[in-house]
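Hi,

Here is the structure I promised to pass on to you.

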Amino acid sequence: MLLLEIFHLLLSTVAGLLGSALLLRIYLGWLRVSRANPLAIFCVALTEWLVAPLRRALPLRGRFDAAALAAALAVALVYVFLMGIIGVEGAWHWYLFVPSVLLLLIHWVLYLVLVLVLANVLISLINPHAPLAPTFDVLTRPVLAPLRRIIPLIGGFDLSPLVLIVVIQVLLLVLDQVAI
């Protein structure tokens, strides 16, 4: 049982990191962040081995990276399949395969947004002139903009990241209940 839990931990870590890097690669491309950006370089270096073969069938057109999305979907498919086979998370039914994959992708997106917002907040508080500060600002601006229109500055502080973090946490709790 312990070995299964260790395997589950390692597989979830690797799949989560790889899936999130693929989704971040898609998002960076969508926002047209320079490929010379350190975050983009990291994502490409981590995922190119998986995206390159798919790029032949799904060439990059415009701002949407279909090959990276197909790779993220493949990683989620393999993860859900392996978790279903070893049965670490209890009873699993094959008819839940596709919904489980979609819920996993949504999970990765929410965690990615959470990490980006937390990184942006920390960088803006610790060193707003850090080299990656503009990148994190560009990445979080689209998700924070609707909240910034609603929530006023309080004492010169922007509380929209805090509200977004709470909303993401609530959504993750709901997703965990749906996935059970």
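Before the notes, one term: a residue is called buried when its relative accessible area is under 20%, exposed when it is over 50%, and partly exposed in between (1.4 Å probe, protein chains only). Ile 123 is buried by that rule, because its relative accessible area is 19%. Ile 123 is found in helix H4. Leaving aside neighbours within four places in sequence, Ile 123 is in contact (heavy atoms within 4.5 Å) with Pro 128, Ala 130, Ala 133 and Phe 136. Its C-alpha atom is separated by 9.8 Å from that of Pro 134, 11 residues away along the chain.

Two points on how to read all this. This is a predicted model, where local features need pLDDT of at least 70 and side-chain atom pairs count only at pLDDT 80 or more, while totals for chains, interfaces and linings use all residues. Residues are numbered from 1 along each chain as its sequence is written, and side-chain values use heavy atoms, with hydrogens and water left out.

Now the overall picture. The protein has 6 helices and 0 strands, where helices (H or I, at least four residues) and strands (E, at least two) are DSSP runs numbered from the N terminus. The C-alpha trace spans about 50 × 40 × 25 Å along its principal axes. Of the 180 residues, 36% count as buried. Among contacts between residues at least 6 apart in sequence, 64% join residues at least 24 apart. The protein exposes about 10,900 Å², and carbon and sulfur atoms supply 75% of that area (Shrake-Rupley method, 1.4 Å probe; for residues, only the protein chains shown count as cover).

Next, helix H3. The expected span of a helix is 1.5 Å times one less than its number of residues. Buried residues in H3 include Ala 67, Ala 71, Val 75, Tyr 79 and Met 83. Their cover includes helix H1 (2-30), helix H2 (38-57) and helix H4 (97-126). Just after H3, Gly 87 takes a positive phi of about 65 degrees.

Helix H6 passes the span check too: its 20 residues (160-179) should span 28 Å, and the end C-alpha atoms are 28 Å apart. Which residues of H6 are buried? They are Ser 160, Pro 161, Leu 164, Ile 165, Ile 168, Leu 172 and Leu 175. These cover an arc of only 130 degrees around the axis, which puts them on the same side of H6 (the arc is that of the directions from the helix axis to the C-beta atoms). On the other side of H6, Leu 162, Leu 173 and Gln 177 are exposed. H4 and helix H5 (133-150) are among what covers the buried residues of H6. Val 170 is also found in H6, and it counts as partly exposed because its relative accessibility is 46%.

Finally, two arginines. Arg 32 lies in the loop between H1 and H2. Its phi is near 60 degrees, a positive value in a residue other than glycine, and at 60% relative accessibility Arg 32 counts as exposed. The charged end of Arg 63 sits over the ring of Trp 30, 4.4 Å from the ring centre (the rule is NZ of Lys or CZ of Arg within 6 Å of the ring centre and within 35 degrees of the ring normal).

Best wishes
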